[in-house]
Amino acid sequence: MKDDVKDREHNIHLWGVKQNNLKNIEVKIPVGSMTVICGPSGSGKSSLAFETLFAEGQRRFIESMSNYARQFLNKAPKPDIEGINNIPPAISIEQKNTIKSSRSTVGTTTEIIDYLRLLYEKIGRSYCPTHHCLTEKESVTEATDKVIKNFSGKRGYLLVEISAEGRVAEGKKLHSLLLQDGYLRIYIPKVSEPVKSSSKAAKKTAGKKATKKVAAVEMPTPVVGMGSGTGVGGVTSEDMGTVVEIGDAAAIKKGLPKESFYLVIDRMSFNEEERGRIADSMTQAYEASIKYNTNFISRKATVLTTEGQRLQISEESSCPVCGYTPPALSSKLFSFNSPIGACPTCKGFGNILDIDEEKVIPNPNMSLAQGALSPFWMPSAAHEKKQLLAYCKKAKIDTHTPWKELPKDHRDVIWNGNKDFFGVRGLFEYLDQIKYKMHVRVFISRFRSPFICPTCKGARLRVEANHVLIDNSNINQLSNMTIEDLHQFFQKLQLAPHQLEVANEVLKQIRARLEFLMRVGVHYLSLGRETRTLSGGEYQRLILANQLGMGLSQALYVLDEPTVGLHPRDNDRLISILKDLKELGNTLVIVEHDHDVIKASENIIEMGPGSGYLGGQVVYSGTTNDFYKFDKSVTVPYLLNKSSTPLRIIRPVDVESYKVKLELKGAKGHNLKNLDVIIPLNRLVTVTGVSGSGKSTLISKTLYPALARALDIEYIPSQEYAALEGVEHIKNVLLIDQSPIGKSARSSPITYLKAFDAIRTIMATVPEAKARGYTPGTFSLNVDGGRCPACKGTGYEEIDMMFMDNVVIPCDVCDSKKYRPEILEIQYKGKNVSEILAMTVSEAMNFFVAHPNIRKPLSVLKEVGLDYLALGQPANSLSGGESQRLKIAKELSQVHQKSTLYILDEPTTGLHFREVELLMRVLNKLIETGGSVVVVEHNLDVIRGSDYVIDLGPEAGKKGGTIVAQGSPDDIIKAKKSLTGQYLKRYVESHR
């Protein structure tokens, strides 16, 4: 009995688990340990980890919340499970980056920017944007100290400005008031000569009777070496003006100046002996500044030596030269998500939307008659097109000359317009007035792109916020540093004792979180980087670092392949952070295929033995040490290097003599350092290097857009490069990334491969369907007719939970079958359309054996290892790796692979060791049919099986962006500076 209680306390116990393809399994996961779930894709790893373990942990946690949250719980999907014991609150860290907002950055996601804002509020120092002086506020004592420090041993005046506007009284009344208060002298600054103008307009103005001679007051200039220019001291120099007595009869008759003048409070020597007198006079000056000026908010004074050296002093924080007053320092001033801190022009986005010439004129080689101006050739703009052509005829602008060859004045008038023609800008200005219509907004958005904000230059914050510094750096400069540089900045930061007292805890949090980010291998990112631009793996590692920063304990963390996108060099750091998370008292369940993570775990659960309906069983559950002795495992042979796959003979590549190749010259995007890259065609080329070394920038953001534009496939902006040669060798280029194949839940593998059309046709030819008048369209999920009217063919409904994530529940009307009941009465070979969509690819191949137009695309899915997928599985539920292989399968099912370049970004994501072999066969098949393949990859199996490898590095960010080594895998192994070569050497030696 005691053993049962002890076992219950130390294990999460699940039994009777039947979620998706899981076959009534029972599992025990030790609490407070690191457990890895491995096995082939589709074997039920995610069903067990996320849809059962995490879903039930979260559901039970929500049960303890308010009534408002609980009223939806009876509808919340409960895992298909008999029972579960001892489950802690669950946190899921998945590989998907679902962030869409451009307001979310690495800084906001990790919360480091919040601590930075707090740090700048507490110890930031404001500087004048014009004179770069430190804005300081001085009490009487501080002002006295400053005067003695700057002017020791000199004589001079203590003055108070009486401004031209905002005086407490005017003329004789003010004069009388000053004399009454005992003030007998004023100081009038020297006036510079007015600027003479020889223009006709100036002469005309000078001739008018009402003209007033305005004297220009000479602006003080900073004293070289006194610190005004450097932000220290704030002493300036000027030519001395005149001190005037105001107490005699002549002065009273003449009156006070109408321009600004200064009241002389005292004349004295500025030295230590006179400290008491200086302090008394300073108090009097402060009081007088408020008394005689209604427009002064704070008390201020001016010190002027007899040599013309000047110092402005204020009780409020202000510039000692010009009096600039910064806004009050608060954390909101440094937030681009707050109206207080956001740039007023771009509202904190860092960019503004404007017409993009590259979108309006995607192909400048086309003439106006051919449709160079894309908006004018839209069906809805037929009238504007007619006006454009009529104007060109009237203005004698050749409509058959390519746009880029038209004279500049012709291009300018068509773009900007004139009194006879509204132009491109005029068209969009008109559309802006009627953009309350949805279709107009959609039309405008097609031709707009974000451009750097002219006010904040992309900083997102108002100008004043960028003049608050810590160690000569503003918050924007820190946000643009890489995390590695920022980490070094805070390690070296020296603060005064009183600053440390205020900011010690904030600094501690910032340093700790930066340390975590360094350890998860995202040191090359900057805090200002938009979260939506991160890969799924990068986003997951950010969340992982954030969780470690929170310091939660007694929680269940469920992670999905945290090593995705990591170079083998960075794996050790990631494993150490996972262990730290465990040491806090948490339980870790990790879905993973990586050798290192499996070896570092304490427990293993292997799912299998196959995928889809062939999986769903627990092949092994126990300690990691015993796992290596388990002979029925499909994973262990790969871990022990006993896999029987022979190494393919590498196709030789001699770059110098190789004729069929692409040459990209002068690539300078992001951190690339003017690279010249040669990519041999009809070969498997792998681009590798540490995370952040510039691989994706080179291939996805430079090579692909450049090729797509050269081949007239699509016109998307590319990173900077000088030239691209060898385009004549290819006819098509395809970027096969891990983005979803469809945004809608109605999109599925069978619709993506265009095989569902044939299935709908078969269902419509069934005699009963003909009798009812059904057509193939009746069986479509995208149009009304046969689909469920409640869920519109998605099979589920989404409930808005207001303050929480939306809850997805099965559709009550169709019971998740997606169709009306009468449509499901139509059967082909004993199966209705819903049952056909629920079949796996393997089952459907046998079911449609007599239909080659359906069987052929399905057989390609089997080739790429996706035979376990259900035909109707929603596309948005596929992993990134599955989506990518589905795209490859679509290409294989078509016939035009010859002279096509396929670009793949980390295709091994989510793949078991056995499936990596399958993928390599598929890629080689593409090459054998005349295609070329470029892969961005860290997987050592792929690198080993490549024909040509380009290794970027040597490090990430600014330290990367160069080619460390290139050639065959053997050449990479021999390159001493290549980190990839070092790991590849170890890997190859262990497989001998």
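The residues lining the second largest cavity divide into three nonpolar, three polar and two charged. Here Ala, Val, Leu, Ile, Met, Phe, Trp, Tyr, Cys and Pro count as nonpolar, Asp, Glu, Lys and Arg as charged, and the others, Gly among them, as polar. A word on the source: this is a predicted model, where local features need pLDDT of at least 70 and side-chain atom pairs count only at pLDDT 80 or more, while totals for chains, interfaces and linings use all residues. Residues are numbered from 1 along each chain as its sequence is written, and side-chain values use heavy atoms, with hydrogens and water left out.

Back to that cavity. Its lining is Arg746, Ser748, Thr751, Phe756, Leu781, Lys818, Leu837 and Gly872. Its volume is about 30 Å³. A cavity, on a 1 Å grid over the protein atoms alone, is a set of points where a 1.4 Å probe fits but cannot get out; lining residues have an atom within 4 Å of a point. Points are joined across faces, edges and corners, and volume is the space filled by probe spheres set on them.

How many cavities of 30 Å³ or more are there by this rule? Two. His567, Gly689, Val690 and Asp951 are among its lining residues. Two elements give two or more residues to this lining: strand S33 (948–953) and helix H35 (979–990). S33 gives the most, with three residues. Helices (H or I, at least four residues) and strands (E, at least two) are DSSP runs, numbered from the N terminus. By type, the lining of the largest cavity has five nonpolar, five polar and two charged residues.

Now the second largest pocket. A pocket is an open set with protein on both sides within 12 Å along at least five of seven lines. This one has a volume of about 1,000 Å³. It is lined by 40 residues, and Arg125, Leu134, Thr135, Glu136 and Lys137 lie nearest its centre. Helices H5 (112–123), H6 (140–151) and H18 (497–519), with strand S6 (125–126), each give two or more residues to the lining. The largest share, five residues, comes from H6. The lining splits into 15 nonpolar, 13 polar and twelve charged residues.

Take H5 next. It has twelve residues and reaches 16 Å from first C-alpha to last, close to the 16 Å expected at 1.5 Å a residue. That expected span is 1.5 Å times one less than the number of residues. Which residues of H5 are buried? Ile112, Ile113, Leu116, Arg117, Leu119, Tyr120 and Ile123. They cover an arc of only 160° around the axis, so they sit on the same side of H5. The arc is that of the directions from the helix axis to the C-beta atoms. Buried means under 20% relative accessible area, exposed over 50%, partly exposed in between (1.4 Å probe, protein chains only).

H12 covers residues 382–394. Its buried residues are Glu384, Leu388, Tyr391 and Cys392. The buried residues pack against helix H13 (408–416) and helix H14 (423–433), with contact meaning heavy atoms within 4.5 Å.

Last, Gln312 in strand S16 (residues 309–314). Gln312 is buried, with a relative accessible area of 18%.
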